[in-house]
Amino acid sequence: MNSLKRKDLLDIQSLSVEEILLICRSAKYFKDIFTRSVKSVPVLRGKAVCTLFYEPSTRTRISFELAAKRLSADLINFTVATSSVVKGESLIDTVHTLEAMKVDYIVMRHAASMAPHFLSRNINASVINAGDGFHAHPTQALLDTYSIMEQRESLDDGTLAGLHIGIIGDIKHSRVARSDIEAFTKLGAKVTICGPPTLVPDDFKLYGVDISYNLDELLPELNVINLLRIQKERQKGSLFPSLREYHRQFALTVERFRRCRDDVIVMHPGPVNRGIEIDDAVMESPKAIVNEQVTNGVAVRMAIFYLLAGGAPLEEMNEE
Ligand code: CP
């Protein structure tokens, strides 16, 4: 298999293990391109990519835009705040406008779960989900998977078996948690979610994860610690006594970090609330790979564009 035999990339649930590995292994090729003096390749020459973000984003949007540019696509940045959406234009009319302009790819972030799925049924362009409500953030999960495999040098083996991954924090409101859990468990990892009971719903057991409310007990067992942001903007009412109390029980503090395994990897999808989920000094540790995750995000998104376009022998690109 050298391409994704699908129009869209909407969630992890619908991806096979083979497809996840194809994306991760292709991402390694694109990451190697970053070391060249010319970092672009002509994979999407003549194609148009539109980033359609109805919610704020720093890294996902910039990462997709850089990926599209490095693949030589024409890039349109649709900014909701300065578009006719503020005059009341509906999503379907916005979609028809983009369809009429013959856009080839739409990268969408939306507060409503399944909005990219709706879009994909109503447009011929390829739709890539850049985060929908609480539901899914598949490209974050793919870059997280790639980052772990890169650190563990397990890309060739194609498995996360034998790793215990902890996802810590606001699981309830997190599309990253849902997509990460799906990706990590598909590839054989043991996953434990941990946080205050109000932010760690019991029904997540249906995803095949363990649940812990005690970070201090869990930490020494973990090979990978994936910290999630407290999403104040999505929380209705107070779900824990205070940020100070959250930090006391669930932050990766310097003292807790000392009790982790020597080979632990610390991850965070960003944006980071420093001093709430993680202490500054831990962020600065070489074991914290937050910036490497961002770099890998560009490579993974290049791979997704490339594979949705039908792939091409990678050797041909080496001749450019
Ligand atoms: N990780 C992530 O989705 O970050 P942004 O919200 O900045 O895109």
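**Notebook: cores and overall build**

I looked up the largest nonpolar core first, and it has 66 residues. Ile23, Phe30, Ile167 and Phe305 have the most contacts inside this core. Helix α11 (residues 290–308) gives the largest share, 10 residues. Domain 1 (17–137 + 296–316) and domain 2 (138–293) both supply residues, so the core lies between them.

My terms: a nonpolar core is a set of buried Ala, Val, Leu, Ile, Met, Phe, Trp, Tyr and Cys residues joined through side-chain atoms within 4.5 Å. Buried means under 20% relative accessible area (1.4 Å probe, protein chains only). Contact means heavy atoms within 4.5 Å. Domain bounds come from an automatic or database assignment.

The model is predicted: local features need pLDDT of at least 70, side-chain atom pairs count only at pLDDT 80 or more, and totals for chains, interfaces and linings use all residues. Residues are numbered from 1 along each chain as its sequence is written, and side-chain values use heavy atoms, without hydrogens and water.

Next I checked Phe305. Beyond its neighbours within four places in sequence, Phe305 touches Leu44, Val49, Phe64, Ala67, Ala68, Leu71, Tyr105, Val107 and Ile128. I also found a second, separate core of 24 residues, with Cys194, Leu219, Leu222 and Ile225 among them.

Then I turned to the whole protein. I count 12 helices and 9 strands, taken as DSSP runs (H or I, at least four residues; E, at least two) numbered from the N terminus. Buried residues make up 56% of the 320 residues. Of the contacts with a separation of 6 or more, 73% join residues 24 or more positions apart. The C-alpha atoms fill a box of roughly 55 × 50 × 35 Å along the principal axes.

Conventions:
Buried means under 20% relative accessible area, exposed over 50%, partly exposed in between (1.4 Å probe, protein chains only).
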